[in-house]
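Biologist: I have the model open and would like to go through it with you. Can we start with the charged side chains?

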Amino acid sequence: MQDPGIEKLVEKAMSVHRNSYAPYSNVHVAAAVEADDGTVYTGVNVENASYGLTICAERAAVAAMVAAGRRRIARVAIVADTPEPLPPCGACRQVLAEFGDPETLVVSVSTKTGRRRSWRLGELLPYAFTASHIEENRGSDAAP
Ligand code: THU
């Protein structure tokens, strides 16, 4: 049993899991993102007949957080009906890195088997590309 804070975050993700819209893959995913002030934002995957337009649960949750005016992620919970805990996809890792840091805890739980995994964001996305890598170029794209 992990600390009660993370259990609450997993429960929040569980509470919206049924709303996942995944008629094509049948993989239902939900995410809960806890911001630095303790507020929690949820998201689910939203698929589309044009498959490539699918939105992942984690990015939906991050978008809800930013819309609410929060900019820093403290922790993330993911739940999915896959047998193994679903690790965030590459695109979601990049988006989590925009608002989190290498220590940000990501917990993933399978609703099928109860299996669970935890990672630090720095493990999931080492050498993350962040704003710090482009800072010096900003505003210097003068005409040749
Ligand atoms: N999916 C997520 O919601 N998050 C991830 O990090 C990986 C994949 C969704 C996208 C798609 O609807 C389904 O899982 C199968 O790829």
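Biologist: Which residues are linked in a network of salt bridges?

Modeller: Asp 36, Asp 37 and Arg 70 form that network. A salt bridge here is a side-chain nitrogen of Lys or Arg within 4 Å of a carboxyl oxygen of Asp or Glu. This is a predicted model, in which local features need pLDDT of at least 70 and side-chain atom pairs count only at pLDDT 80 or more, while totals for chains, interfaces and linings use all residues. Residues are numbered from 1 along each chain as its sequence is written, and side-chain values use heavy atoms, leaving out hydrogens and water.

Biologist: How far apart are the closest N and O atoms of Asp 36 and Arg 70?

Modeller: They are 2.9 Å apart. Asp 36 is in the loop between strand 1 (29–35) and strand 2, and Arg 70 is in the loop between helix 2 and strand 3 (73–80), so the pair ties together parts 34 residues apart in sequence. Helices (H or I, at least four residues) and strands (E, at least two) are DSSP runs, numbered from the N terminus.

Biologist: And the side chains of Arg 70 and Asp 37, what is their N to O distance?

Modeller: For that salt bridge it is 3.4 Å.

Biologist: How many salt bridges does a search of the whole structure find?

Modeller: Five. One of them joins Arg 116 and Glu 7 at 3.1 Å, N to O. Arg 116 lies in strand 5 (residues 116–120) and Glu 7 in helix 1 (residues 4–17), so this pair connects parts that are 109 residues apart in sequence.

Biologist: Is Glu 7 buried or exposed?

Modeller: Glu 7 is buried, at a relative accessible area of 14%. Buried means under 20% relative accessible area, exposed over 50%, and partly exposed in between (1.4 Å probe, protein chains only). Arg 116 is partly exposed at 32%.

Biologist: Switching to the ligand, which residues come nearest?

Modeller: Of the 13 residues around the ligand, those are Asn 45, Glu 47, Ala 57, Glu 58 and Cys 89. Being near means having a heavy atom within 4 Å.

Biologist: What lies 2.5 Å from an oxygen atom of the ligand?

Modeller: A polar side-chain atom of Glu 47. A polar backbone atom of Ala 57 is 3.0 Å from a ligand oxygen, and a backbone N or O atom of Cys 89 is 2.8 Å from a ligand oxygen.

Biologist: Where does Tyr 51 lie?

Modeller: Tyr 51 is in the loop between strand 2 (40–44) and helix 2 (57–67). Tyr 51 counts as exposed because its relative accessible area is 58%.

Definitions and conventions:
A polar contact is a pair of N or O atoms within 3.5 Å; within protein, one must be able to donate a hydrogen and the other to accept it, and residues adjacent in sequence count only if both atoms are side-chain atoms.
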